Structure formats: C-alpha cells, structure tokens
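Here is a friendly walk through one protein model, helix by helix. Keep the picture open beside the text and find each residue as its name comes up.

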Amino acid sequence: MLKRIEFAFGGMLLVTVVVLVAVASVSRAMGSPIIWSVEMAQLIFAWLCMLAADIAMQEDRHFGLQIVREVVSPRVADVIEIFNIVVIIGFLGFLLYYAWGNMILMHPRLVGAAQINASYIHASMVVGLLLMMRTMVSQLIRRIRQKEAN
C-alpha cells in the first residue's frame, strides 16, 4: 500500500516538474519569464530524487556486487548480504544525523525569488533517508526470516 502511494506521489512530482519546466520555457520564449520556476523545479526535483531512490531500494534496483554471490557458498553469501544491509542502515543513520543538522541550519535562509525557506529543499534528504532506512530495516527482517526458514 505504501509503495503504491510513494510511486503515485513520485509520478505526480515528475509530471509537476515537466509541466513547470514547459510552462517556464514557453513564458520565457514569450518574453515574460516566471522567475520562481527554477527554485520550485529544484525543490520538486530534490523530493523526486529521494523518493525515487527509496523506490529503487524497495525493488532491489540499486547496484550490488553479484560477483561475491557467485564466488562464495549461498550460506556465506546470505551472511554477507545481511552484514551489507546492516552497514547500509548504519551509513544512512550517519547521513541522517548530518542531513537533520543541515536542514535546521538552512531554515532561516530564503531561496531566491520564491522566498521559501531552504529547509523545505533540505527536508527532502531527511525524509528520503528515513524512507530508505525503513526500506533497509524491512529488507533486513525479511532476509533474516528467509535465512531462518532455510
């Protein structure tokens, strides 16, 4: 259910960016540019990128080292994969700490013509990292249960 909501929201963000860029291009060509369009496109694109990264993680579409699986036994490969997920969760937690601090630091700054707080753009990192941590924790639980079942 959540995956469908994320996918729909990602599609909506993509359509919004495309429409915004198209409208801004046409208005610029007609001689009256929309000065806030670049800031809004950046804001939307940052959120889209983080959402897409989480969707890719949910579907195991991020890069991996499959050569390790081919060299070692399936049991060792499962242990390495679980260890890898734990390392990724730790790394995401490390990034989350600094993304949170960055978001707080950026709140007083206003972005260009739109005059929105820069923290709205930087909040995409915090939310995206939390989504990816949730995804990796659920994958860790699933892999541990699979290992126990075998």
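This is a predicted model: local features need pLDDT of at least 70, side-chain atom pairs count only at pLDDT 80 or more; totals for chains, interfaces and linings use all residues.

Let us begin with helix α1, which covers residues 2-29. Helix α1 has 28 residues, and the distance from its first C-alpha to its last is 40 Å, close to the 40 Å expected at 1.5 Å a residue.

Which residues of α1 are buried? They are E6, G10, L13, V17, L20, A24 and S27. What do these buried residues pack against? Their partners are α2 (37-58) and α5.

One of the buried residues of α1 is L20, so let us look at that residue in detail. L20 has a relative accessibility of 12%. Because buried means under 20% relative accessible area, L20 counts as buried. Leaving aside its neighbours within four places in sequence, L20 is in contact with W36, S37, M40, A41 and I44.

Helix α2 has 22 residues. From its first C-alpha to its last, α2 reaches 31 Å, close to the 32 Å expected at 1.5 Å a residue. After α2 you will meet D60, whose phi is positive, near 55 degrees.

L43 has its place in helix α2. Is L43 buried or exposed? L43 is buried, with a relative accessible area of 14%. If we set aside neighbours within four places in sequence, the contacts of L43 are I116, Y120 and I121. T135 lies 92 residues from L43 along the chain, and the C-alpha atoms of L43 and T135 are separated by 23 Å.

**How the helices pack**

Two packed helices are described by the angle between their axes and the distance between the axes.

| Helix pair | Angle between axes | Distance between axes |
|---|---|---|
| α1 and α2 | about 150 degrees | 9 Å |
| α2 and α5 | about 5 degrees | 9 Å |
| α4 and α5 | roughly 160 degrees | within 9 Å |

Take α1 and α2, which pack at an angle of about 150 degrees. Angles over 145 degrees count as roughly antiparallel, so α1 is roughly antiparallel to α2. The crossing in which α1 passes α2 is left-handed. On the α1 side, the contact is made by K3, E6, F7, F9, G10, L13, L14, T16, V17, L20 and A24. On the α2 side, the contact is made by S37, M40, A41, I44, F45, W47, L48, L51, D54, I55 and Q58. Sorted by class, the contact of α1 with α2 has 15 nonpolar, four polar and three charged residues.

Next come α2 and α5, with an angle of about 5 degrees. Angles under 35 degrees count as roughly parallel, and therefore α2 and α5 are roughly parallel to each other. The contact of α2 with α5 has 16 nonpolar, five polar and two charged residues.

The last pair is helix α4 (residues 74-106) and helix α5 (residues 119-149), whose axes cross at roughly 160 degrees. That angle makes α4 roughly antiparallel to α5. As α4 passes α5, the crossing is left-handed. The residues of the contact of α4 with α5 divide into 24 nonpolar, five polar and three charged.

Q139 lies in helix α5. Not counting residues up to four places away in sequence, Q139 touches M57, Q58, D60 and I85. D60 is also the residue with the positive phi that follows α2.

Finally, look for V68 in helix α3 (residues 66-71). V68 is partly exposed, with a relative accessible area of 28%. L13 is 55 residues from V68 along the chain, and the C-alpha atoms of V68 and L13 are separated by 37 Å.

Key
Residues are numbered from 1 along each chain as its sequence is written. Side-chain values use heavy atoms; hydrogens and water are left out. Axes are lines fitted to C-alpha atoms, for helices over the stretch in contact, and angles run from 0 to 180 degrees between N-to-C directions. Helices (H or I, at least four residues) and strands (E, at least two) are DSSP runs, numbered from the N terminus. Angles under 35 degrees count as roughly parallel, over 145 as roughly antiparallel, 65 to 115 as roughly perpendicular and the rest as oblique. A crossing is left-handed if the near helix is turned anticlockwise from the far one by less than a right angle, and right-handed if clockwise. Ala, Val, Leu, Ile, Met, Phe, Trp, Tyr, Cys and Pro count as nonpolar, Asp, Glu, Lys and Arg as charged, and the others, Gly among them, as polar. The expected span of a helix is 1.5 Å times one less than its number of residues. Buried means under 20% relative accessible area, exposed over 50%, partly exposed in between (1.4 Å probe, protein chains only). Contact means heavy atoms within 4.5 Å.
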